[in-house]
Amino acid sequence: MNTKTLSLSSAKNIAIIGVMAAIICICGPLSVPIGVIPVSLTPLAVFLTVYIIGKNSGTIAYIVYLLIGLVGLPVFSGFTGGPGKLLGPTGGYIIAFILMAYIAGILIEKFHNVIVQMLGCLAGLITAYIIGTIWLAVQASMTIPAAIAVAVLPFIPFDIIKIVIAVLLGKEIRKKLSVILA
């Protein structure tokens, strides 16, 4: 993988960031409610984004998505949006995905080993779990163990699958797009 990351120095790079933000906007609303927190394709889209365009540009693409949702467009899980979503019980996860993207991107860029890259995604995900779970516990007046039971444990298998797909697929997509991304 070419470890050169995109910068905001050209219109092409801005367009690529916009396209990746649009992909997150398409994937984000697609979710299956299984309780307080739905199973969403957002983590998969975020991991693919940072794998394909790098930690800085990938994180910026996610922030663009978050801002689009903040202004009310229905890009969050379940076709929701607006400040109420960010300030509500699941808002901590949505906001923490900024750190998830950056942390995963650091290890994806630094290491060429697929296992280490997956562990990088896992480290980012654990960070999001911690922040989001604390937020949920405070917002919903839950204990931390109760929040973990409803918002972390049911998602671990799905999120592991998303990480594996993102790293394996991301590697191939990045190879195919290397001419455009160069």
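Guide: Helix α2 is followed by G54, whose phi is positive, near 95°. This is a predicted model, in which local features need pLDDT of at least 70 and side-chain atom pairs count only at pLDDT 80 or more, while totals for chains, interfaces and linings use all residues. Residues are numbered from 1 along each chain as its sequence is written, and side-chain values use heavy atoms, with hydrogens and water left out. The term pLDDT is the predictor's confidence in each residue, from 0 to 100. Helices (H or I, at least four residues) and strands (E, at least two) are DSSP runs, numbered from the N terminus.

Helix α2 itself covers residues 42–53, which makes 12 residues. From its first C-alpha to its last it reaches 16 Å, close to the 16 Å expected at 1.5 Å a residue; the expected span is 1.5 Å times one less than the number of residues. The helix is mostly covered, with 12 of its 12 residues buried. Here buried means under 20% relative accessible area, exposed over 50%, and partly exposed in between, with a 1.4 Å probe and protein chains only. Among the buried residues of α2 are T42, P43, F47, Y51 and I53.

Helix α3 spans residues 55–70, and confidence in the chain is highest there, at a mean of 98. Two tyrosines of α3, Y62 and Y65, are 3 residues apart and therefore separated by about one helical turn. Y62 counts as buried because its relative accessibility is 1%, and Y65 counts as buried at 2%. A search of the whole structure finds 3 aromatic pairs. The ring centres of Y62 and Y65 lie 5.3 Å apart with their planes at 45°, so this pair is tilted. Rings of Phe, Tyr and Trp (its six-membered ring) pair if their centres lie within 6.5 Å; planes under 30 degrees apart count as stacked, over 60 as edge-to-face and the rest as tilted. Ring pairs link Y62, Y65, F76 and F97 into a cluster.

Positive phi values also occur in residues other than glycine. F79, in the loop between α3 and α4 (83–87), has a phi near 60°. F79 is exposed, with a relative accessible area of 55%. S141, in the loop between α6 (114–139) and α7 (144–151), has a positive phi of about 50°. S141 is likewise exposed, at 71%.

Of its 182 residues, 45% count as buried.

As for confidence, the mean pLDDT of the chain is 93, and 95% of its residues reach 70 or more. The lowest mean, 76, belongs to helix α9 (residues 178–181). Where pLDDT is low, the predicted coordinates should not be read in detail.
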